Amino acid sequence: METMYITHPTSFIHEMGSFHPDTPRRLDVISDQLLMSGLMPFITTGYPFKALKHDVLRVHTSDYFNSLLTNIPEQGKYYFIDNDTMMNHYTFNSALYAAGSGIFGVNAVFSNYVKNVFCSVRPPGHHACSNKAMGSCFFNNIAIAAKYAFEQYKISKLAIIDFDVHHGNGTEEIFFNDDRVLMCSFFQHPFYPYSKLLNYKKTNMCNIPVDAYSKPSKIREIVSEYWIPEIHKHKPEIILISAGFDAHREDDMGQLFLTESDYAWITDKIVDLSEQYSEGRIVSMLEGGYNFSSLSRSVVAHIRSLAKL
Ligand SMILES: [Zn+2]
């Protein structure tokens with residue numbers, strides 16, 4: 001078996017109120033759809049550990065880490081950070097396990113236990129900056145996995161692909177001008193988090209804005225004409241994916257029109273590249289995706305492509 005599916009019970013108890021779109025039910029529908037898909041006998045499952053404080057501090061400031069830790073609310077209460085981002089009593093622990101699952105995934109692929117990994121965990125991470133939580137994100141899971149891979153496995157280059165509809169501003173901030181990292185994404189613009197646009201040709205950030213209502217063919221063009229040539233140049237030793245599924249046509253969070261077949265196509269391209277440069281090593285971590293049906297179908301399509309089933 002070449003693909004591992006990771007989740008953890010703490011991902012289901014972090015919640016930010018009944019009206020918040022990032023609800024634990026997102027993970028329930030993913031696991032239900034995966035069970036129904038018939039893929040489970042062909043993939044393995046992993047039970048992650050918690051990220052340690054020093055794993056988190058490779059990415060985040062200790063002041064920020066301590067500010068979350070000291071503001072953990074009592075049971076039944078929330079600590080309010082912004083309109084999208086609140087901690088309940090369990091959030092801090094859930095965030096440590098979400099970050100730990102990426103580290104667990106990195107170990108699983110570098111030990112050759114599996115080729116690739118999908119982490120179905122919450123809270124997500126790509127908006128979290130080095131010194132602040134925002135956009136439902138607390139710790140930048142993919143950045144913590146990346147820094148761990150550099151330190152533990154002494155690699156010199158990796159790539160981060162982000163196909164969430166929103167700009168991965170936290171990941172961009174953390175790795176801006178770190179030439180060991182190539183980040184490739186598309187994102188709806190103008191849209192949350194309203195980041196300043198960079199000239200991708202002058203940085204290690206191949207993050208391409210797209211207009212609302214752009215067709216899937218535009219996204220495929222960005223993958224083929226921008227991402228893939230940059231990845232060929234960069235030759236990453238592992239590819240990490242911030243896998244958000246809110247650019248789906250049925251997801252009202254964004255105004256793009258991707259379908260499961262587009263997510264499968266993008267994943268197939270990433271798998272091909274990983275086989276050329278990274279011995280197949282991919283760690284993919286859930287970010288957004290809020291329509292239960294399209295999210296669960298898209299994750300299954302993504303995993304089917306990762307597992308080549
Ligand atoms: Zn998103």
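The donors of the zinc ion are spaced D-x1-H-x79-D along the chain in this predicted model, where local features need pLDDT of at least 70, side-chain atom pairs count only at pLDDT 80 or more, and totals for chains, interfaces and linings use all residues. Residues are numbered from 1 along each chain as its sequence is written, and side-chain values use heavy atoms, with hydrogens and water left out. Asp 164 lies in the loop between β6 (158–162) and α6 (169–175) and Asp 246 in the loop between β9 (239–243) and α8 (260–277), so the pair ties together parts that are 82 residues apart in sequence. Helices (H or I, at least four residues) and strands (E, at least two) are DSSP runs, numbered from the N terminus.

Protein donors (N, O and S atoms within 2.8 Å of the metal, or 3.2 Å for Na, K and Ca; water is not among the atoms, so sites may look incomplete) are Asp 164 (OD), Asp 164 (OD), His 166 (ND1) and Asp 246 (OD), at 2.0 to 2.7 Å from the zinc ion. Both Asp 164 and Asp 246 are buried (under 20% relative accessible area; exposed is over 50% and partly exposed in between, with a 1.4 Å probe and protein chains only).

In the loop between β5 (116–119) and α5 (141–153) lies Pro 123, whose peptide bond from Arg 122 is cis, with omega near -5°. Ser 136, in the loop between β5 and α5, has phi near 70° and is buried at 5% relative accessible area. Pro 190 is in the loop between β7 (181–188) and β8 (205–210), and the bond from His 189 to Pro 190 is cis, with omega near -5°. Tyr 194, in the loop between β7 and β8, has phi of about 55° and is exposed at 58%.
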